[in-house]
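Q: Could you walk me through this structure? I would like to start with the overall layout and then go into some details.

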Amino acid sequence: WEHNEVVDLLNKLISERTPGEKILVLSRYNRPLEELENEFSRAKTANLKFLNIHKAKGTEADHVLLLSCISGKYGFPSEIAKQQLLDIVEKVPIDEEVRLEEERRLFYVALTRCKKQFYMFTSKDAKSQFISEFASLPDRSTTN
């Protein structure tokens, strides 16, 4: 369902955006991005980019779509990155809380790429724990 919803939203954003507005589609992993990029071969002329979040650091866009904000294998936090693999790469055992903080920072990078509108795709049955954490933060807005 996510792919179809994203395609519909991208078509709408492309047709309604003002000249020069950029659209950025982000995902934790490349797989869903590759399918969308193939479908939107006009990406370069439409100011449309498809990036995994690691590559999005320093990039901003008017409209940002964040895919797969779910729990599970391909979600946030990632369940693919197993402890042993990280231990080998880091040469030092990584505490589970440290790994979770790294995943949380990556999620934050995605949230902060947007200038105007942010769209997050999730599932009520498999929502990422980061969405629940984000929703439970106290409202720090003030009214003057």
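A: The answers below go from the whole chain to single residues.

Q: What kind of model is it, and what should I know before reading the values?
A: This is a predicted model, in which local features need pLDDT of at least 70, side-chain atom pairs count only at pLDDT 80 or more, and totals for chains, interfaces and linings use all residues. Residues are numbered from 1 along each chain as its sequence is written, and side-chain values use heavy atoms, with hydrogens and water left out.

Q: What is the mean pLDDT of the chain?
A: The mean pLDDT of the protein chain is 83, and 82% of its residues reach 70 or more. The term pLDDT stands for the predictor's confidence in each residue, from 0 to 100.

Q: How many of the residues are buried?
A: Of the 144 residues, 39% count as buried. Buried means under 20% relative accessible area, exposed means over 50%, and partly exposed lies in between (1.4 Å probe, protein chains only).

Q: Now the strands. Which ones pair with β3?
A: Strand β1 (residues 23-27) runs parallel to β3, and 4 bridges join them. Strand β4 (residues 114-120) also pairs with β3 in the parallel sense, over 5 bridges. Two strands pair if DSSP finds at least two bridges between them.

Q: Which residues stand opposite each other there?
A: Leucine 24 stands opposite valine 64 in β3, and histidine 63 stands opposite glutamine 117 in β4.

Q: Why are β2 and β3 described as largely enclosed?
A: In strand β3 (residues 61-66), 6 of the 6 residues are buried, so β3 is largely enclosed by the rest of the structure. In β2, 4 of the 5 residues are buried, so β2 is likewise largely enclosed by the rest of the structure.

Q: Let us change topic. What is the span of helix α1?
A: Helix α1 (residues 2-16) has 15 residues and reaches 21 Å from its first C-alpha to its last, close to the 21 Å expected at 1.5 Å a residue. The expected span is 1.5 Å times one less than the number of residues.

Q: Which of its residues are buried, and what do they pack against?
A: The buried residues of α1 are Glu2, Val6, Val7, Leu9, Leu10, Leu13 and Ile14. They pack against β1, α2 (31-39), β2 (48-52), β3 and β4.

Q: What does tyrosine 119 touch?
A: Tyrosine 119 is found in strand β4. Leaving aside neighbours within four places in sequence, tyrosine 119 is in contact with Leu9, Leu13, Val64, Leu65 and Leu66. Contact means heavy atoms within 4.5 Å.

Q: How far is tyrosine 119 from valine 6?
A: They are 113 residues apart in sequence and 9.5 Å apart in space, C-alpha to C-alpha.

Q: Is glutamate 21 buried or exposed?
A: Glutamate 21 is buried, with a relative accessible area of 8%. Its place is in the loop between α1 and β1. Not counting residues up to four places away in sequence, glutamate 21 touches Asn47, Asp62, His63 and Lys116.

Q: What about serine 68?
A: Serine 68 has a phi near 55°, a positive value in a residue other than glycine. Serine 68 lies in the loop between β3 and α3 and counts as buried at 13% relative accessibility.

Q: Last topic: how many disulfides are there?
A: The structure holds 0 disulfides, a disulfide being a pair of cysteine sulfur atoms within 2.5 Å. Cysteine 69 is buried, with a relative accessible area of 0%, whereas cysteine 114 counts as partly exposed at 22%.

Note on methods
Helix = DSSP H or I, 4+ residues; strand = E, 2+ residues; numbered from the N terminus.
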